[in-house]
Amino acid sequence: MNPILNTISFFGIFALCFIAWLGSEDKKRIPWKLMFWGIGIQLLLGFFIFIFPITREAIVVANDVLNLLLDASESGARFLFGDAMVPVKEKARADVPNMGFVFAMRSLPQVVFFSALVTLAYRLNIIQPVVRLFARFFSRTLKISGAESLSGAANIFVGIESVVSIRPYLEKMTRSEICAILASCFGSISSTVLGFYASILKPSFPNITGHLVASSILTIPACFVIAKILVPETGVPETMGKIPEEEKSEEEKKMSPMDALIKGAIDGVQIAMGIAAVLVAILGIVAFINLIFAKLALFEKSPNVLVHGIGVIFSYLTLDNIFAFLFFPLTFLTGVSLDFQELWQASSIIGSRLLQTSIPGFNALHALSSAGKITDRSLLIVSYVLSGFAHLASVGIFVGGMTNLVPSRSRDISSLAFKALWAATLATVMTGCIAGLFDTGHPSILGKIAR
């Protein structure tokens with residue numbers, strides 16, 4: 001535990017609110033009450049997640065239960081692809097032919113499993129009562145509309161489906177409501193990819209699964225705080241003071257549990273293929289740009305002073321360094337470290353998410369932690385910051401999905417897309433600040449030491 005770093009994390013929460021205010025559409029309208037309750041909820045949740053012994057251990061128990069689901073999710077993939085591609089947990093990995101194959105054959109099938117599981121749970125009405133409980137809590141404490149609360153609460157469990165649940169109210173929503181709903185979509189992670197993210201980091205952060213759930217809950221009030229600062233409420237929301245009923249299509253009403261399971265699995269295949277396609281396309285583009293920079297760096301050998309100068313600049317210039325530089329101030333506010341090298345590495349990982357999604361970031365975080373190149377504090381904070389869809393690839397998913405539901409509001413949705421993405425980015429960093437504030441270095445937080 002480092003009091004200086006914890007203090008930086010604490011003040012970082014309010015610095016992020018100030019940064020959001022600098023980009024506000026109406027700087028005279030500051031949602032003080034919402035900020036008070038939103039930040040207060042995060043501080044309270046942070047206390048229970050990291051400090052209070054009973055709930056801290058409950059996170060560990062929840063992690064163990066979810067890890068059982070992760071282990072179960074590999075059974076189908078192992079049946080299809082065999083032990084070589086999907087090795088059992090106890091088996092040595094020396095005989096695995098290529099970790100890229102393991103990523104494709106082991107991690108992506110988990111998306112299919114969790115998609116099927118969540119869809120089945122929705123069909124059996126297991127998740128809805130929990131969603132409505134969170135919705136009532138957010139609505140009464142933050143004083144936001146019922147539609148915002150319901151969508152935000154649903155985002156703890158699902159993705160774009162959270163917007164579908166409030167379809168009848170989208171037409172008359174205020175700009176502030178639309179921004180807040182989009183921000184909560186960008187800022188949280190859905191259950192369908194939770195296992196996917198957890199599987200990457202679990203070897204170096206055994207309790208990551210439980211903390212991914214905790215981070216998703218923490219981020220929702222943060223998204224509402226930042227979004228309402230950026231786009232203050234100027235109208236009167238239609239669902240203010242009431243929680244609307246979730247809309248279900250006739251197809252969903254007629255669906256049997258087995259139909260729901262199969263549909264969820266098929267949807268999961270589409271999500272998994274989407275993840276693979278995005279990674280192939282984006283990482284290829286990143287590599288291509290970096291190769292261009294590397295070629296320009298060869299000009300450093302030129303005798304021409306001007307050309308030599310260009311070569312010197314590009315010898316240090318990569319996309320990772322560019323985004324590390326841009327995100328350095330935000331990373332510092334989380335209180336990751338006072339060591340410049342570690343702070344730069346954390347900033348590079350956090351910054352890379354904007355373009356590359358969270359997946360390469362989780363991979364890099366695991367590699368650094370396994371090599372002992374970052375502290376447990378950095379591992380904890382950066383994993384909380386990465387827990388979200390705050391990247392450019394998700395803009396098309398959420399904005400496109402919402403526009404399809406309500407075409408008449410397409411102009412408002414498009415104009416708010418990048419403000420919502422910025423709000424979600426700041427909100428996930430704020431979640432990292434909460435983790436940094438309450439980080440005590442207790443062994444049960446990461447789970448690296450056997451209990």
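Which residues in α6 are buried? In α6, the buried residues are Gly146, Ala147, Glu148, Ser149, Leu150, Ser151, Gly152, Ala153 and Ala154. Buried means under 20% relative accessible area, with a 1.4 Å probe and protein chains only. This is a predicted model: local features need pLDDT of at least 70, side-chain atom pairs count only at pLDDT 80 or more, and totals for chains, interfaces and linings use all residues. Residues are numbered from 1 along each chain as its sequence is written, and side-chain values use heavy atoms, leaving out hydrogens and water.

**Helix α6**
- Helix α6 spans residues 146-154 and is mostly covered, with nine of its nine residues buried.
- Helices are DSSP runs (H or I, at least four residues), numbered from the N terminus.

**Helices α8 and α10**
- Helix α8 (residues 175-187) packs with helix α10 (residues 208-230) at an angle of about 140°, and their axes are 9 Å apart.
- Axes are lines fitted to C-alpha atoms over the stretch in contact, and angles run from 0 to 180 degrees between N-to-C directions.
- From α8, Ser176, Glu177, Cys179, Ala180, Ala183, Ser184 and Gly187 meet Thr219, Ile220, Cys223, Phe224, Ala227 and Lys228 of α10.
- Contact means heavy atoms within 4.5 Å.

**Threonine 334**
- Threonine 334 sits in the loop between α14 (319-333) and α15 (340-356).
- Threonine 334 counts as buried because its relative accessibility is 1%.
- A polar atom of the threonine 334 side chain lies 2.5 Å from the backbone oxygen of threonine 331.
- Leaving aside residues up to four places away in sequence, threonine 334 touches Ser9, Arg377, Ile381, Val385, Val429, Gly432, Cys433 and Gly436.

Terms used
Helix = DSSP H or I, 4+ residues; strand = E, 2+ residues; numbered from the N terminus. Buried < 20%, exposed > 50% of the residue type's maximum accessible area, 1.4 Å probe, protein only. Polar contact = N/O pair within 3.5 Å; in protein donor to acceptor, adjacent residues only side chain to side chain.
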